Structure formats: C-alpha cells, structure tokens
Amino acid sequence: MDLMEITEKERMSREDAAARLHALADALARHNDVEFDRGGVHFKVRVADEVDFKLEIEIEEDERELEIELKW
C-alpha cells in the first residue's frame, strides 16, 4: 500500500484544541474507527485494540511543544 499522509495545522484557542482532543478521545473509547472529513473527503481509520502511546514534551527558550503519537 502506498503511504497516505494527511497533515493538518491551524491556530486555535486552547479550549478549542482541548475540545478537539476530547472528541478524538471519545471516538477512540467508543469505536474501533476514527473518522475525519477533510476537504470534502471522508476518511475512516481502523484503530487496533492495543496501541503504542508516545508522549513527548519539548521546552525551549521561546517555544513549547507537546506531541502525542499513537501507533498500531
């Protein structure tokens, strides 16, 4: 299968980012699939029952980064 990668980056409020994370967490907890609509295209990603979870925090002088990665 060819690599398919979708990258989304946008500026939003902390509260909106939290709401998006909540929606993703709720979808992961309830279903085996996570669904996305981007640019008029619907994507459905099947998620395994067990995943590898990675949390990375980077603190620099003028920038902070929190990265969450799920792999299966």
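Which residues is Asp33 in contact with, leaving aside its neighbours within four places in sequence? I started my notes there. The model I am working from is predicted.

**Entry 1: Asp33**

I listed the contacts of Asp33 beyond four places in sequence and got Ala27, Lys44, Val45 and Arg46. I placed Asp33 in strand S1, which covers residues 33-38. Next I looked up its accessibility. Asp33 has a relative accessibility of 19%, so it counts as buried, the limit being under 20%. I then checked its side chain for polar partners. I found a polar contact at 3.2 Å between the side chains of Asp33 and Arg46. Arg46 turned up again in the strand pairing, as the bridge partner of Asp33 in S2.

**Entry 2: S1 and S2**

I followed the pairing along the two strands. S1 and S2 (residues 41-46) are antiparallel and share 6 bridges. Further along, I found Asp37 standing opposite His42 in S2. The two strands make a hairpin, with 2 residues between them. I looked at the turn and noted Gly39, which has a positive phi of about 60°.

**Entry 3: S3 and S4**

I moved on to the next pair. S3 spans residues 52-59 and S4 spans residues 64-71. They run antiparallel and are joined by 8 bridges. I picked out Leu55, and its bridge partner in S4 is Ile68. The link from S3 to S4 is a hairpin through 4 residues.

**Entry 4: Asp49**

Is Asp49 buried or exposed? I found a relative accessibility of 72%, so Asp49 counts as exposed. I located it in the loop between S2 and S3.

**Entry 5: Arg20**

I went to helix H1 for Arg20. Its relative accessibility is 39%, so Arg20 counts as partly exposed. Not counting residues up to four places away in sequence, I have it touching Glu8, Glu10 and Met12. With Glu8 there is also a polar contact, side chain to side chain, at 2.7 Å.

**Entry 6: the largest pocket**

I looked up the volume of the largest pocket, which is about 2,300 Å³. Helix H1 (14-30), S1, S2 and S4 each give two or more residues to its lining. The lining holds 41 residues. Those nearest the centre are Glu8, Leu21, Leu24, Phe36 and Ile68. Two of these names were already in my notes: Glu8 as the polar partner of Arg20, and Ile68 as the bridge partner of Leu55. Which element gives the largest share of the lining? I found that H1 does, with 10 residues. Last, I sorted the lining by class. I got 23 nonpolar, 16 charged and 2 polar residues.

Methods
Residues numbered from 1 in each chain as written. Predicted model: local features only at pLDDT ≥ 70, side-chain atom pairs only at ≥ 80, totals over all residues. Heavy atoms only, no water. Pairing = 2+ DSSP bridges. Buried < 20%, exposed > 50% of the residue type's maximum accessible area, 1.4 Å probe, protein only. Polar contact = N/O pair within 3.5 Å; in protein donor to acceptor, adjacent residues only side chain to side chain. Contact = heavy atoms within 4.5 Å. 1 Å grid on protein atoms, 1.4 Å probe; cavity = no way out; pocket = protein on both sides within 12 Å on 5 of 7 lines; lining within 4 Å. Points joined across faces, edges and corners; volume = space filled by probe spheres on them. Nonpolar A, V, L, I, M, F, W, Y, C, P; charged D, E, K, R; others polar.
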